[in-house]
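Colleague: Before I use any of the labels in this model, I would like to hear what each of them rests on. Please take them one by one.

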Amino acid sequence: MKKTLIIILAVVAVFAIWAISTYNSLVGEQQKVEEAWAQVENVYQRRADLIPNLVETVKGYAKHEKETLEGVIQARANATSVKVDANTLDEASMKKFQDAQGELGSALSRLLVVQERYPDLKANENFKELQAQLEGTENRITVERKNFNEIARSYNTSVKTFPKNIFAGMFGFQAKPYFQAQAGADKAPKVSFD
């Protein structure tokens, strides 16, 4: 009887240690997802912070391109108003975030086409520096989105595989959505300087 009790206690202890380890690993992976999301937001914020300087530089040269400039300003306002919490990250909030950022990217593309119309603007050091910073920021966004997707994949694998999926379900760990290509990304962009 005493031997049986010791075996039962040993099995319960092993199970408890395994359960605690599993829960802690899920928490750690969730924290990595939240950290990666914060970095994604950080680089998008950097882009949003650069835009007013770029717009002001272009304004000096392109006063009659008011509609394009206003479009960029509005798209920036829309993009910065979309806030997504990493804890409640789901498909709908990710789509809303991506749509707003895509709108801003399109507006920036139109703004950069405007600079082709003004040779003096292309030679302006401030504009060239801002354009280089914006290009670097776009590259950072791509890298951080890729990093987020990799970390989310690792987390999602843990949340969905047996036996961790049992604990994930019990404690409310949900799979996180991925960044996906925008609609039409499979088609080459049309470049026109008319």
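**What the labels rest on**

Modeller: W37 is buried, with a relative accessible area of 1%. This is a predicted model, in which local features need pLDDT of at least 70 and side-chain atom pairs count only at pLDDT 80 or more, while totals for chains, interfaces and linings use all residues. Residues are numbered from 1 along each chain as its sequence is written, and side-chain values use heavy atoms, with hydrogens and water left out.

Colleague: Why is W37 called buried?

Modeller: Buried means under 20% relative accessible area, exposed over 50%, and partly exposed in between, with a 1.4 Å probe and protein chains only. W37 has 1% and is therefore buried. F148, at 0%, is therefore buried too.

Colleague: What makes W37 and F148 an edge-to-face pair?

Modeller: Rings of Phe, Tyr and Trp (its six-membered ring) pair if their centres lie within 6.5 Å; planes under 30 degrees apart count as stacked, over 60 as edge-to-face and the rest as tilted. The structure holds eleven aromatic pairs. For W37 and F148 the centres are 5.5 Å apart and the planes are at 65°, so the pair is edge-to-face. W37 lies in helix α1 and F148 in helix α5 (residues 125–160), so this pair ties together parts 111 residues apart in sequence.

Colleague: What makes a stretch a helix?

Modeller: Helices (H or I, at least four residues) and strands (E, at least two) are DSSP runs, numbered from the N terminus. The protein has six helices and zero strands.

Colleague: Which residues have the most contacts inside the largest nonpolar core?

Modeller: They are W37, F97, L108, L111, F148 and F179, in a core of 41 residues. The largest share, 13 residues, comes from α1. A nonpolar core is a set of buried Ala, Val, Leu, Ile, Met, Phe, Trp, Tyr and Cys residues joined through side-chain atoms within 4.5 Å. In soluble globular proteins, nonpolar side chains tend to be buried together.

Colleague: What does F179 touch?

Modeller: Contact means heavy atoms within 4.5 Å. Not counting residues up to four places away in sequence, F179 touches W37, V40, Y44, M94, F97, Q98, R145, F148 and N149.

Colleague: How do you know that K164 and E29 form a salt bridge?

Modeller: A salt bridge is a side-chain nitrogen of Lys or Arg within 4 Å of a carboxyl oxygen of Asp or Glu. The N to O distance for K164 and E29 is 3.8 Å. K164 is in helix α6 and E29 in helix α1, 135 residues apart. By this rule the count comes to four salt bridges.

Colleague: Are the two partners buried or exposed, or in between?

Modeller: K164 has 21% relative accessibility and so counts as partly exposed. E29, at 14%, is therefore buried.

Colleague: What else joins the side chain of E29 to another residue?

Modeller: A polar contact of 2.8 Å joins it to the side chain of S158. A polar contact is a pair of N or O atoms within 3.5 Å; within protein, one must be able to donate a hydrogen and the other to accept it, and residues adjacent in sequence count only if both atoms are side-chain atoms.

Colleague: Which side chain meets that of E138 in a salt bridge?

Modeller: That of R47, at 3.0 Å, N to O. E138 lies in helix α5 and R47 in helix α1, so the pair ties together parts that are 91 residues apart in sequence. R47, at 3% relative accessibility, therefore counts as buried, whereas E138, at 28%, is partly exposed.
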